[in-house]
Amino acid sequence: MAAPKRITQETFDDAVKENIEEFEMSPEEAVEDAIQQFKSQGVDLSNIITSQTSTDDQKGQSKPVTEKIQEALQILKEICSAATFLTDDDKQDLLETLHILRKEFEGPFSCRSFAAVKGGYGVLLELIGIHRENHNVLNHLLVTFNSFINGQPDLLDTDGIKLLCSILSKDCDNSDVVIPAIQCVRTSCVKHEENRQSYVKEGVIPNLLQILKIHKEKATVVKVACSALRGLIVDDDIRVPFGKAHDHAKAIVEEGALEALFGVLDVSDHSDQSLVGEVMATLGRLAVRNEFCQKIVDLGGLKYVSSAMAEHMSNQVMMKQIISMTKAIAGNDDVKIAIVAVGGVPLILQAIRTHIRVTQVCDAGCSALATISLRNPSNANIIMGSGAAEVIVQVMSVHPQEVGVQKSACMAIRNLVSRAREHCQAFIEVGVEALIRNAMNIADCNDLAKAALRDLGCKVELKELWKGEKNPLEVS
């Protein structure tokens, strides 16, 4: 695929200026015409500021956004050139300028892209390094830096990564500093495998876990730390054929993450649903090995799952997070038995019923049932005895076009009947066949749907992909 055509901000501004001066267009007409002309030529304008004015809240004046950003960056550069000690007036100018930039950075991506072209990364990083000891100023700098790098993680270089890791290490006891610093780490890891690996090499994992232990009673710190840990164990960078998500998850657990997370649960207020959900989501992402799944159970994971689900059943986000974690640890055959033993199945089914119209909960719920019943007829019997057939059919009926839900439901049906054929009739009686045949028409669901029909004993045409007739195998 050919790379999209790009132009500079100056080229766009010149086109607008020409429309105004040569063709006597109004500013609004000039901008709209320039946009249409460049788009007709196949130019990608995502990096271009097309809005021509921005209101200055303090002076009540309007000026071009590009001019406003350049003026703010120039002020920051002048502050960089001055002594490291800030007078009260200097500090006020710095904080006001950072506020102006943050307001623009929270707008379209083009504003952040323009600031990057004009040297924003270098000046912000230099200021962070200069004013590390002034925690109030450092907080504002890190918050602005986090807004600035949103959507442009390629800007991070070795110096930036080392500086952020150093701040997390040295200032680990200061929540006003570590929160925005962790957010910077998380933001710069999105869809960027190289940054993730660089952070790990610089020791970000022990830094984050140390912060979790120090601030385990501070919900805000715990939430951002959990988010950053999960950000290290994703494979979302399409530019890299193979990431190190599994290696990072293993390293995080071996550094003591499970103990740290359960330490948070032990002292936290469980009425804080978002906190418990963040911890559960992180535990689920770390359950990448058989022994890790078992360790989560040994540390009391199922106790927290049962109590949290019973107490917060009405919270759909939390239910999705807890069920996903339960599904993850159920990859261990001993754990799936333990989940059933503590009454996990009725809770999962209740969550699905409660949030039957929520795609994410239904998908996670059916996927968990599929995992818990995999290769375990005894678990399948208990799941079916709890009314799973009716629930799964209802899920498929409510979400007929949701690929993920239909695939998870078909997989659950397969696993529930493949080694317990006596359950086939229960599904047939509640009308599952028509729903599965509907799923066959959904992209990416055809094979699973056919397999579910086959295992239910329904008539299904299976395509034989290779018969070996034209080029049969030769055995010497």
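Mentor: A residue is called buried under 20% relative accessible area, exposed over 50% and partly exposed in between, with a 1.4 Å probe and only protein chains counted. This is a predicted model, in which local features need pLDDT of at least 70 and side-chain atom pairs pLDDT 80 or more, while totals for chains, interfaces and linings use all residues. Numbering runs from 1 along each chain as its sequence is written, and side-chain values use heavy atoms, without hydrogens or water.

Trainee: OK, how much of the protein chain is buried?

Mentor: Of the 476 residues in the protein chain, 50% are buried, and the C-alpha atoms fill a box of roughly 80 × 60 × 55 Å along the principal axes.

Trainee: And what is the secondary structure of the chain?

Mentor: The protein chain has 27 helices and two strands, where helices (H or I, at least four residues) and strands (E, at least two) are DSSP runs numbered from the N terminus.

Trainee: Where does glycine 129 sit?

Mentor: Glycine 129 belongs to helix H6, which covers residues 120-130, and glycine 129 counts as partly exposed because its relative accessible area is 37%. From glycine 129 to glutamine 70 the separation is 59 residues in sequence and 21 Å in space, C-alpha to C-alpha.

Trainee: Switching topic, how many salt bridges are there in the whole structure?

Mentor: A search of the whole structure gives 18 salt bridges, each being a side-chain nitrogen of Lys or Arg within 4 Å of a carboxyl oxygen of Asp or Glu.

Trainee: Which residue does lysine 68 pair with?

Mentor: Lysine 68 makes a salt bridge with glutamate 104, and their closest N and O atoms are 3.4 Å apart. The pair links distant parts of the chain, with lysine 68 in helix H3 (residues 65-81) and glutamate 104 in helix H4 (residues 88-105), 36 residues apart.

Trainee: So is lysine 68 buried or exposed?

Mentor: Lysine 68 counts as buried because its relative accessibility is 7%, and glutamate 104 is buried as well, at 8%.

Trainee: What about aspartate 44, what does its side chain meet?

Mentor: The side chain of aspartate 44 meets that of arginine 6 in a salt bridge of 3.5 Å, N to O. This pair also links distant parts of the chain, 38 residues apart, since aspartate 44 is in the loop between helix H2 (27-40) and strand S1 (54-56), whereas arginine 6 is in the segment before H1. Both partners are partly exposed, aspartate 44 at 24% relative accessible area and arginine 6 at 47%.

Trainee: Where do glutamate 254 and lysine 250 lie?

Mentor: Glutamate 254 and lysine 250 are both in helix H13 (residues 245-254), four residues apart, which is about one turn of the helix. They form a salt bridge whose closest N and O atoms are 2.9 Å apart; glutamate 254 is exposed at 54% relative accessible area, whereas lysine 250 is partly exposed at 27%.

Trainee: Last topic, what is the phi of lysine 191?

Mentor: Lysine 191 has a positive phi of about 55°, although it is not a glycine. Most residues other than glycine have a negative phi. Lysine 191 is in the loop between helix H9 (175-189) and helix H10 (193-201), and it is exposed because its relative accessible area is 55%. Arginine 375 likewise has a positive phi of about 55°, is placed in the loop between helix H21 (359-373) and helix H22 (377-385), and is partly exposed at 46%.
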